[in-house]
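Please look over the sequence and the model before reading on.

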Amino acid sequence: MMEIAAQPFAFAFKPETTALIVIDMQRDFAEPGGFGASLGNDVSRVVAIVPTVKRLIEGFRAAGLPVIHTMECHRFDLSDLPPAKRDRGNPSIRIGDVGPMGRVLIAGEPGTAILDELAPLPGEIVIEKPGKGAFYATGLGDDLKRLGARQLVFAGVTTEVCVQTTMREANDRGYECLLCEDATESYFPEFKAAALAMIRAQGAIVGWTATVVQVLEGIANA
């Protein structure tokens, strides 16, 4: 049996049914002037994981394993944006408003784009999601069924929101989930630490965690 060294115990790896999902590595969450920065967050924490995420993506591509990208964004007319999401809190700029990189989190706008270093290749699946979880109001479930995927490796941001939400949804749907600890990040280090602990608690109640090196070693040994 092929394994990836992981927490809380080794992950039984089945590469023929494995896909990588990279969550929301977008300009609006990683660059100065984007939505994340407008909320007062230190986006340098997201920028710091870009090389690690890139290495993970390249490892999956080299092994011929599928890579799926997600983007949090909404329709131009905001018809898929609930007021409860848009109007909550007191940010300096709201979803749909015009910012330094175009309308914030609107499909097709410059700030919504995935970072150039991590850009999808032609043929890779890109999921535009209006919610935190990547299954809500998207075709992700159908895409995974078509790929024959049963194991999902996760990277991206933020650990405690969109990444953890998607992992929990995937776990409920019967997928085995592994999160790459050094290829995910939060604006709040304590939130990331708590999310990792919750994911792997009670015998991997949501899933496993491992480093990118451990995942790539597992792929290389497969």
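Ile 93 sits in the loop that runs between α5 (83-86) and β5 (98-99), where helices (H or I, at least four residues) and strands (E, at least two) are DSSP runs numbered from the N terminus. The model is a predicted one, in which local features need pLDDT of at least 70 and side-chain atom pairs count only at pLDDT 80 or more, while totals for chains, interfaces and linings use all residues. Residues are numbered from 1 along each chain as its sequence is written, and side-chain values use heavy atoms, with hydrogens and water left out.

With a relative accessibility of 12%, Ile 93 counts as buried (under 20% relative accessible area, with exposed over 50% and partly exposed in between, for a 1.4 Å probe and protein chains only). Apart from neighbours within four places in sequence, Ile 93 is in contact with Phe 35, Ser 38, Val 98, Gly 99 and Val 104, contact meaning heavy atoms within 4.5 Å. Ile 93 and Val 104 are 11 residues apart in sequence, and their C-alpha atoms are 8.1 Å apart in space.

| Helix | Residue range | Residues in the contact |
|---|---|---|
| α4 | residues 50-62 | Thr 52, Arg 55, Leu 56, Gly 59 and Phe 60 |
| α9 | residues 212-220 | Val 212, Val 215, Leu 216 and Ile 219 |

The axes of α4 and α9 come within 10 Å and cross at roughly 10°, the axes being lines fitted to C-alpha atoms over the stretch in contact, with angles from 0 to 180 degrees between N-to-C directions.
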